Amino acid sequence: MENYVDVLNVTQSFHGRKVLDNVTVSFCEGKIHGVIGNNGSGKTVLFKTICGFLTPQKGEVYVRGQRVGKDFDFPPDIGALIESPGFLPNEDAYHTLAHLWSMRGKPDYVQIEKTLHMVGLSDVGKKKVGNFSLGMRQRLGIAQAIMCNPSLLILDEPTNHLDIKAIEWLEEYLKGYKGSIILVSHDRMFLDNVYKP
């Protein structure tokens, strides 16, 4: 089985403190991968480096054999939820997703509506995001990650602020996902349920 992502000897430091120290790790295509570590151990920095949001101070990152920062700035066909999602407060959910999709190409408005329905936001699609609860913002963050049906999903603590019903839906969605997944969660029950054969 081929690797989707290869992180080779990556080092990242901030204010003289090494957050990633010569990290080498690979993620296979078509698999669910879990990344576990204490708070501040560099998980989010690793994800940002894979997505091209941060440039390695040392080392290289390859996505499907192409080097991030050289062959492309941001790997195509990746959906990511990293840290707490930030959205424009005066934009509604529907137009938020349309705006984000337009950065990749022409938005598929039918798919946007379908995705809002999937995450349980279809009834508030025209509501301003600034009026959303934390759970609703998190569901919108998941929606922006999955709406284009990417072949790689990177999800950093996706169950934050979600209610039980939303977590159960996410578990089933991820278990049926056809692409690759890199996942961080402090919710052990959620991880066990996602990995359950």
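The model is a predicted one, in which local features need pLDDT of at least 70 and side-chain atom pairs count only at pLDDT 80 or more, while totals for chains, interfaces and linings use all residues. Residues are numbered from 1 along each chain as its sequence is written, and side-chain values use heavy atoms, with hydrogens and water left out. The protein chain holds six helices and eight strands; these are DSSP runs numbered from the N terminus, helices being H or I of at least four residues and strands E of at least two.

**Overall build**

- Starting at the N terminus, the elements follow the order β-β-β-α-β-β-β-α-α-α-β-α-β-α.
- The C-alpha trace spans about 45 × 35 × 35 Å along its principal axes.
- Of the 197 residues, 47% count as buried, meaning under 20% relative accessible area, with exposed over 50% and partly exposed in between (1.4 Å probe, protein chains only).

**The parallel sheet**

- Four strands make an open sheet with parallel pairing, in the order β3-β8-β7-β6; two strands pair if DSSP finds at least two bridges between them.
- At the edges stand β3 (32–34) and β6, each pairing on one side only.
- β7 pairs with β6 (residues 78–81) over four bridges, and Ala80 stands opposite Ile154 in β7.
- β7 also pairs with β8, over five bridges, with Leu153 opposite Ile181 in β8.
- Ile181 is also the bridge partner of Ile32, in the three-bridge pairing of β3 and β8.
- In a regular strand, side chains alternate between the two faces of the sheet.
- Both faces of β7 are covered: Leu152, Ile154 and Asp156 are buried on one side, and Leu153 and Leu155 on the other.

**The antiparallel sheet**

- A second topic is the open sheet of four strands with antiparallel pairing, ordered β2-β1-β4-β5.
- Its edges are β2 (17–28) and β5 (66–67), each with a single partner strand, so one side of each has no neighbour in the sheet.
- β1 (residues 3–14) and β4 (residues 58–63) pair over five bridges, and Thr11 has Lys58 in β4 as its bridge partner.
- Helix α1 (residues 43–50) lies across β1, β2 and β4, at about 120° to β1; axes are lines fitted to C-alpha atoms, for helices over the stretch in contact, and angles run from 0 to 180 degrees between N-to-C directions.
- α1 also lies across β7 and β8, running at about 150° to β7.

**Nonpolar cores**

- A nonpolar core is a set of buried Ala, Val, Leu, Ile, Met, Phe, Trp, Tyr and Cys residues joined through side-chain atoms within 4.5 Å.
- The largest core has 35 residues, and Leu116, Leu121, Phe132, Leu140, Leu153, Leu174 and Phe190 touch the most other members.
- Elements that each supply at least two residues of this core include α3 (109–118), α4 (134–146) and α5 (164–175).
- The largest share, six residues, comes from α4.
- Apart from this core lies another, of 24 residues, including Leu20, Val63, Ala80 and Ile182.
- Beyond its neighbours within four places in sequence, Leu174 is in contact (heavy atoms within 4.5 Å) with Ile32, Leu153, Leu155, Ile181, Phe190 and Val194.
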